[in-house]
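My notes are below, roughly in the order I looked things up.

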Amino acid sequence: RTKKDYNFFIKTYLAIYADSDCSYFQIELAEKVLKDPNIFAGVEWPREHAKTVHCCLGIPLWLMINDELDGMILMSRTWDMAANALGDIQAQLQYNELFKHDWGEFFNQGDWAEGDFTTRGGVRFLALGRGQAPQGARKNEKRPNFAVCSDLDDYEIVNNEKRVLQVVNVILGALMNALAIKGSRLIVENNRIHPRGILAHIIGNITPQTPKREGLY
């Protein structure tokens, strides 16, 4: 049931993050991501609607138990922020006794560094700072097939559209090209703090006359 029912999965294994049932839009996103191995999604739910919890923790773990995760890249404003977000996954894989009981041992002695670790099954998790090229993201024969860009915008970079577009180009170029060719998922999540920020350019509607990016969920 947990493989099919995202809400039940969250309430079963990640109860510390769930005071109540998931919202319909949180479930809808998770189901769309699982169903579409080539999804490109922009997530701009309001503040305190658990964007990071679902995109950077719940959904990747759900993909993992469904055998849909070969590797994950998480890009954030700084490497420290990305590594901290990946640390939540790392902690669940190492210390969540129910998850380990049902899905196996993931802790991999000797390959469990902060911001760059690989499970016993060969799934690598890699943290990147904003705009950092994902060189060497492949682990043995496995290329990552899931990436999340989380909280890339800040009140400094949005004042320089040239810098904003450089980050957008890294996402659409180097990051996308680092993912597996045969099926890869990409989520960009943040609050829209500026009409021409990174998230706004990814979604596309930077002016009322500009349409959203074609093919973006």
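Predicted model: local features only at pLDDT ≥ 70, side-chain atom pairs only at ≥ 80, totals over all residues.

**Charges, then the fold**

I started with charge: the mean positions of the 25 positive and 27 negative charges of the protein chain lie 5 Å apart. I counted Lys and Arg as positive and Asp and Glu as negative, leaving out His and the chain ends, and placed each charge at NZ of Lys, CZ of Arg, CG of Asp or CD of Glu.

Numbering runs from 1 along each chain as its sequence is written, and side-chain values use heavy atoms, with hydrogens and water left out.

Next I looked up the secondary structure, and the protein chain has seven helices and seven strands (DSSP runs numbered from the N terminus: H or I of at least four residues for helices, E of at least two for strands). Along the sequence I read α-α-β-α-β-α-α-β-β-β-β-α-β-α.

I checked burial too: 51% of the 217 residues of the protein chain are buried (under 20% relative accessible area, 1.4 Å probe, protein chains only).

Then I picked helix H2, residues 24-35. Buried in H2 I found Phe25, Gln26, Ile27, Leu29, Ala30 and Val33. The buried residues of H2 pack against helices H1 (6-13) and H3 (51-65) and strands E1 (40-43), E6 (146-150) and E7 (185-189), with contact meaning heavy atoms within 4.5 Å.

Notes:
Buried < 20%, exposed > 50% of the residue type's maximum accessible area, 1.4 Å probe, protein only. Expected span 1.5 Å × (residues − 1).
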